Amino acid sequence: MAVPLIAFDAVVRYEALDGPGAIPLSEFYLPVGDRPDRETALPDGALITAVTVPAVKAAGRSRYRKVRERASYAFATVSVAAALDVRDGVVQDVRLALGGVASRPWRARLAESALRGGPLTAERISAAADVELAAAEPLRDNAYKVTLARNLIEAVVTELAADTGEESNG
């Protein structure tokens, strides 16, 4: 659930001993580091009271796709949450987030920037996936995830584009 929520700028609201607080979900999960006992930025003793999701026009046309090793509720090998707002042939807004490719959900902001403000073509979708994953540093046994993530981004955005009737071939 965190992957699509990050794509839509969700915020975790909490109560702590010193009062209420809020953390954007994109900052909620901590990166792997020197504190394996800390997975989140939630203050000690805090209680989550809500997760809020702001209204996003692109949410009306969205998809979530999860690839996993077996047909079960297993963790995603790679997942993509995507939303698209295309008007008059121009990408007004796009939201992309990836799961299963890092120690926390990953907002694909480079790919979003590469798509926003231009026509939605197969070439631009492919280039956006490439720019997002260009700096990927896979571990020894999971390099295949880079190709899988690239292909999944392309497939989901292309599917959304087809639903809008806005994708062009050039």
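Ile-48 is placed in strand E3 (residues 47–52), where strands (E, at least two residues) and helices (H or I, at least four) are DSSP runs numbered from the N terminus. With a relative accessibility of 41%, Ile-48 counts as partly exposed, the class between buried (under 20% relative accessible area) and exposed (over 50%), for a 1.4 Å probe and protein chains only. Together with Val-51 and Val-53, Ile-48 forms a nonpolar surface patch of about 230 Å² accessible area. Such patches consist of residues with over 30% relative accessible area and no salt bridge, nonpolar side chains (Val, Leu, Ile, Met, Phe, Trp, Tyr) being joined within 5 Å; a salt bridge is a side-chain nitrogen of Lys or Arg within 4 Å of a carboxyl oxygen of Asp or Glu. Accessible areas come from the Shrake-Rupley method with a 1.4 Å probe, and for residues only the protein chains shown count as cover.

The model is predicted: local features need pLDDT of at least 70 and side-chain atom pairs count only at pLDDT 80 or more, whereas totals for chains, interfaces and linings use all residues. Residues are numbered from 1 along each chain as its sequence is written, and side-chain values use heavy atoms, with hydrogens and water left out.

The largest pocket holds about 460 Å³ of space. A pocket is an open set of points on a 1 Å grid over the protein atoms alone, where a 1.4 Å probe fits, with protein on both sides within 12 Å along at least five of seven lines; lining residues have an atom within 4 Å of a point. Grid points are joined across faces, edges and corners, and the volume is the space filled by probe spheres set on them. Of the 19 lining residues, Val-3, Phe-75, Gly-99, Gly-100 and Pro-105 lie nearest the centre. Helix H1 (2–7) and strand E4 (62–67) are the elements that give two or more residues to this lining, and H1 gives the most, with three. The lining comprises 12 nonpolar, four polar and three charged residues, with Ala, Val, Leu, Ile, Met, Phe, Trp, Tyr, Cys and Pro taken as nonpolar, Asp, Glu, Lys and Arg as charged, and the others, Gly among them, as polar.

Strand E4 also contains Arg-65, which is partly exposed at 27% relative accessible area. The C-alpha atoms of Arg-65 and Leu-148 are separated by 12 Å, at 83 residues apart along the chain.

The second largest pocket has about 280 Å³ of space. Its lining of 14 residues has Val-101, Trp-106, Ala-136, Glu-137 and Pro-138 closest to the centre.

Conventions: Patch = residues over 30% accessible without salt bridge, like charges linked within 9 Å, V, L, I, M, F, W, Y side chains within 5 Å.
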